[in-house]
Amino acid sequence: MEKRNQIWSFIITGVLILISFLYYSVNEYYMYLVVYIWFGYAYGMMLQYGRFCFASASRDLFAAGVPRMAVGILIALVFFSLIQAALAATDMTTFHPAPFGIHMLISGVIFGIGMVLAGGCASGSLYKIGEGNATSILAVVFGLCLGQAIFVNIGGPFLKLVPQSWIDSANAKTWIPAEKISSWFDYYLTGYVWDQPQFTVAKLIFGGRPTTMDYFIGNALINAIIPSLILLVVIYFFFSRKGFIKKRAKEKGKLGLGDELKGIWAMITASKRTSLMGILVGAVAGLHILVIKGMQLRFAMGVSTPGTRDANNFGQLLTRMGHAADVTVKGTVFDPGYWYITSQEGQVGAWLLERLGFNMHDNMFFGYVNGIPELWRNPALWMSLGIIFGAMVMARLSNEFKFKLPKGELIVWGISGGLLMGIGSRPSLGCNIGAFFIRAAGGDPNGWVYGTGMVVGAFIGVKFFNWWSERKMAKEMEAF
Amino acid sequence: MALKFEKLEEGKYLLDVCGYVCPHPQIYCKKSLEKMNEGDVIDVIFDNPSSGETIIQMCDGQGHEVLEKKKEGGKLIYTIKKG
């Protein structure tokens, strides 16, 4: 390891430790925020070490026939689903299912195209910033931050596209301050999405109050483990079997079922660092939920603040500390309670746009649901920063950090991909992490609907890049 | 940053995709191998660490042999023989 990289790793980690102590010295409530910093740091290290990028899962399958990442994610899902079931069964979870519907699929397709163009998913782009990849900075700043913020705030001519049924349904919700419903997204949220059913498989099958075993059967086994195992077998048959069986038949001659199982195992263990990180990512994501829940219990956040509907939200602590301007009219800020990427980046975009003179509080997304806290008091934003710095430390420890300025076509791909990711993560209320990974593992079938969309989008993105690269290769080969 | 795919001599190629990020290095590597004959050798130079893992697995799955993996500064150089 280069000495310079070692020193940088110590400096980054040391500064984060110092920041954590500073927060604690100001107010114990900030420990809630510090928890997000360090889970983000852990995610960043694991993502960088395992090259763990959701974009690469379907993209590398279609582009290069490589199942490494798809396998890693499915392993992570299996482990995470078991932990989520245990947490749900013991009432120690912060997870909640999302409104179910076709919007998840459409959103997933848009996000899927975007992640292929940008060269990384929402979490992947963050860890790649930590590796020094400035194309990912473009994707995050212009797409996930500014693009998202503008997307949820657009009104004007776009309001003419809003169906009357959404307007009627939004207006019927009289508890919402009317002045907050101003953009097309506000009508979408209040007049459509909030009317869709929300459920987990355990509750759908077993009714109101599932038993411990019901959570494991419904949410983990049926919604996560069985689909993951089926997908592993499908991926093996289409992308991995041919090469393995050819080699095996040369060595052994006649083959049976045992050889097929060995083939699946060989596929799982082909990239040990990715598969190992799959297990760890699943376990840490589960631990993250447990720790946040523990903090909510410790700070007695389980009771709604008078006049609001949302308990267990960092907005309560901000209000207690006197930062009322950071929270929404109902006293909340964006506080997912688990691994989540995109909304906090939208908040950064809104924060910047407000400093440029735009009013970003006059809508539902920021004004009523998520707020625009000062950046240093934004808990989920610290998770994103933690991912960047965790990945940076890991990249430096393995001498892989290199600052790369984007040039030429990469600028176009980075910005356009980022914008599509920003747009594709809003109607679904989440990205590859919040909409796919957490939900699929938490018993919410929405995760798979969004995941299917992501795969379709990735397929379209790969088709485009195949065409583009073929053209460029043909030019290069003219000289031969 | 510019894509460079050169035929150095008969059966020996060079692909330089430094500056490119995912998924370009792996796509260009796959396409280069498709253009070559069995037994030909290529040096793939790239600086996007995430692509390395995918290139190795792609070679393994498609029967190509990774003869050498080198690291020079921030650059990775893989020598691959088409199988």
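This is a predicted model: local features need pLDDT of at least 70, side-chain atom pairs count only at pLDDT 80 or more; totals for chains, interfaces and linings use all residues.

Trainee: Helices, then. At what angle do α6 and α7 of chain A cross?
Mentor: Roughly 130°. The axes of α6(A), residues 122–130, and α7(A), residues 134–153, come within 8 Å.

Trainee: And what do we call that arrangement of α6(A) and α7(A)?
Mentor: Oblique. Angles over 145 degrees would count as roughly antiparallel, and 65 to 115 as roughly perpendicular, so this pair falls under oblique.

Trainee: Is the crossing of α6(A) and α7(A) left-handed or right-handed?
Mentor: Left-handed.

Trainee: Which residues meet there, between α6(A) and α7(A)?
Mentor: From α6(A), A:Ala122, A:Ser125, A:Leu126, A:Lys128 and A:Ile129. They meet A:Ser136, A:Ile137, A:Val140 and A:Leu144 of α7(A). By class, that contact has six nonpolar residues, two polar and one charged.

Trainee: What follows α3(A)?
Mentor: A:Gly65. Its phi is positive, near 70°.

Trainee: Over to chain B. Where does B:Thr79 lie?
Mentor: In strand β5 of chain B, residues 75–81.

Trainee: Buried or exposed, that B:Thr79?
Mentor: Buried. Its relative accessible area is 10%, and the cut-off for buried is under 20%.

Trainee: What does the side chain of B:Thr79 make a polar contact with?
Mentor: The side chain of B:Asp43, at 2.7 Å. Beyond its close sequence neighbours, within four places, B:Thr79 also touches others, including B:Val41, B:Ile42, B:Val66 and B:Leu67.

Trainee: Last one. Where is A:Lys402?
Mentor: In the loop between α17 (379–397) and α18 (409–424) of chain A. A:Lys402 counts as partly exposed, at 26% relative accessibility.

Trainee: Which residues is A:Lys402 in contact with, leaving aside neighbours within four places in sequence?
Mentor: A:Glu131, A:Gly132 and A:Asn133, plus B:Asp47 and B:Gly74 from chain B.

Trainee: And how far apart are A:Lys402 and A:Ile129?
Mentor: 273 residues in sequence, but 10.0 Å in space, C-alpha to C-alpha. A:Ile129 is also one of the α6(A) residues that meet α7(A).

Notes:
Residues are numbered from 1 along each chain as its sequence is written. Chains are lettered from A and ligands numbered from 1 in the order in which they are written. Side-chain values use heavy atoms; hydrogens and water are left out. Axes are lines fitted to C-alpha atoms, for helices over the stretch in contact, and angles run from 0 to 180 degrees between N-to-C directions. Helices (H or I, at least four residues) and strands (E, at least two) are DSSP runs, numbered from the N terminus. Angles under 35 degrees count as roughly parallel, over 145 as roughly antiparallel, 65 to 115 as roughly perpendicular and the rest as oblique. A crossing is left-handed if the near helix is turned anticlockwise from the far one by less than a right angle, and right-handed if clockwise. Contact means heavy atoms within 4.5 Å. Ala, Val, Leu, Ile, Met, Phe, Trp, Tyr, Cys and Pro count as nonpolar, Asp, Glu, Lys and Arg as charged, and the others, Gly among them, as polar. Buried means under 20% relative accessible area, exposed over 50%, partly exposed in between (1.4 Å probe, protein chains only). A polar contact is a pair of N or O atoms within 3.5 Å; within protein, one must be able to donate a hydrogen and the other to accept it, and residues adjacent in sequence count only if both atoms are side-chain atoms.
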